[in-house]
Amino acid sequence: MAVYVQANDVLQLVWLELTGRCQLRCTHCYSDSGPEVAGGTMTVNDWRRVIDESAGLGARGVTFIGGERTMHPKLAALVHHTLARHLSVEVYSNLARPITAELWSLFELPNVRLATSYYAADPSTHEAVTRGPAGSHGLTRSNIAEALRRGISIRVGVVQVNEELDVDAALADLRTVGVAEVDVDRLRQVGRGVRDRKPNVDQLCGKCATGRLAISPSGDVWPCVFSRWLTLGNVRDVPLGVIAGSVTTMHVRAELEGAFTARRDRGGADEVQDCTPDCSPFTKSCSPDTNCQPNK
């Protein structure tokens, strides 16, 4: 039996992972995306229904993530549908593809913003991380510049994938392009980011399942894009509102909060301050005691 709670206590923001397909194979991708990965089983009508349900539950914003979300053929239709439900939109793209005139017009709409990731000022270093087609660094950089030229709001995340990356040089390069909103995050050991440990709560920011949920290309619902081992339900089988207020979700939220409280008590609150999935929502301040900002 589902347990229902007040809608506004349940949901403020949803991450919609439209597709698992991506033209890049980033060495640290939390979702294991790539050119060979299937797009997913969620239909356009499924996504529309989830957006409608999210609005009904009190959500204020939607972040479209992936995979590379601009590879989804119905991205524009889904963005328009989201805006029609009076929700703000963020599209998190690697911007390593030519952007069509239709997409630029989409990104210029009110209440739409862009986000992307950047790794190095040096093209070869950047592309050693993204492992995509040659020239992808130049495309990302030029598309960032074009977004700014068009007056499109854009934020950029620099992920410290390894100790060899010159983060300061990357930040300086972004400043020369004119980017004002930039943050740095550490490697999250989820998906291809796993190095010396399994995915666990230490990789999480501390706000998972509190006012936000993530939905996979197959319809699975997670507390956030990093907590992919914690499946709360599937929106193809059960309405999002039922999942958001279910016994399972309440138990997972309680367990996560217990883990985050223990981390704070042992002085580890600063270990995981930011919440910066690569190729997904990049948040400046998503620590246990602050408000997550993808819905900014």
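Modeller: Arg49 and Asp46 lie three residues apart in helix α2, so about one helical turn separates them (helices, H or I, of at least four residues and strands, E, of at least two are DSSP runs, numbered from the N terminus). An α-helix has 3.6 residues a turn, so residues three or four places apart point the same way. This is a predicted model, in which local features need a pLDDT of at least 70 and side-chain atom pairs count only at pLDDT 80 or more, while totals for chains, interfaces and linings use all residues. Residues are numbered from 1 along each chain as its sequence is written, and side-chain values use heavy atoms, with hydrogens and water left out.

The side chains of Arg49 and Asp46 form a salt bridge, at 3.3 Å from N to O (a side-chain nitrogen of Lys or Arg within 4 Å of a carboxyl oxygen of Asp or Glu). Asp46 is buried, at a relative accessible area of 13%, whereas Arg49 is partly exposed at 28% (buried means under 20% relative accessible area, exposed over 50%, and partly exposed in between, with a 1.4 Å probe and protein chains only).

A search of the whole structure finds 14 salt bridges. Another of them pairs Glu36 with Arg25, whose closest N and O atoms are 3.5 Å apart. That pair links distant parts of the chain, although both Glu36 and Arg25 are in the loop between β1 (11–17) and α2 (44–56), 11 residues apart. Glu36 is exposed, with a relative accessible area of 56%, while Arg25 is partly exposed at 35%.

The salt bridge between the side chains of Glu181 and Arg113 has an N to O distance of 2.9 Å. This pair also links distant parts of the chain, since Glu181 is in the loop between α7 (167–177) and β6 (182–186), whereas Arg113 is in strand β4 (residues 112–118), 68 residues apart. Glu181 counts as partly exposed at 23% relative accessibility, and Arg113 is buried at 9%.

In helix α5 (residues 123–130), the residues His126, Glu127, Val129 and Thr130 are buried. Seen down the axis of α5, these buried residues fall within an arc of 150 degrees, so they line one face of the helix (the arc is that of the directions from the helix axis to the C-beta atoms). Among what covers the buried residues of α5 are β4 and α6 (136–149).

Thr130, in helix α5, is buried at a relative accessible area of 2%. Leaving aside residues up to four places away in sequence, Thr130 touches Leu24, Arg25, Cys26, Tyr119 and Ser136 (a contact means heavy atoms within 4.5 Å). Just after α5 comes Arg131, with a positive phi of about 50 degrees, although Arg131 is not a glycine. Arg131 is found in the loop between α5 and α6 and is partly exposed, with a relative accessible area of 39%. Leu95 is likewise not a glycine and has a positive phi, of about 55 degrees; Leu95 sits in the loop between β3 (88–92) and α4 (101–107) and is buried, at 0% relative accessibility.

The largest nonpolar core has 53 residues, and those with the most contacts inside it are Leu16, Phe64, Val79, Phe107, Ile144 and Leu240 (a core is a set of buried Ala, Val, Leu, Ile, Met, Phe, Trp, Tyr and Cys residues joined through side-chain atoms within 4.5 Å). Leu240 has contacts with residues including Val50, Glu53 and Ser54, not counting those up to four places away in sequence.

Confidence is highest in helix α3 (residues 75–84), at a mean of 98, and lowest in helix α1 (residues 7–10), at 46. Over residues 1–8 the pLDDT stays under 50, and the model has 15 contacts beyond four places in sequence for them. Over residues 269–296 the pLDDT is also below 50, and this stretch has 106 contacts in the model beyond near neighbours in sequence. Where pLDDT is low, the predicted coordinates should not be read in detail.

Note on methods:
pLDDT = per-residue confidence, 0-100.
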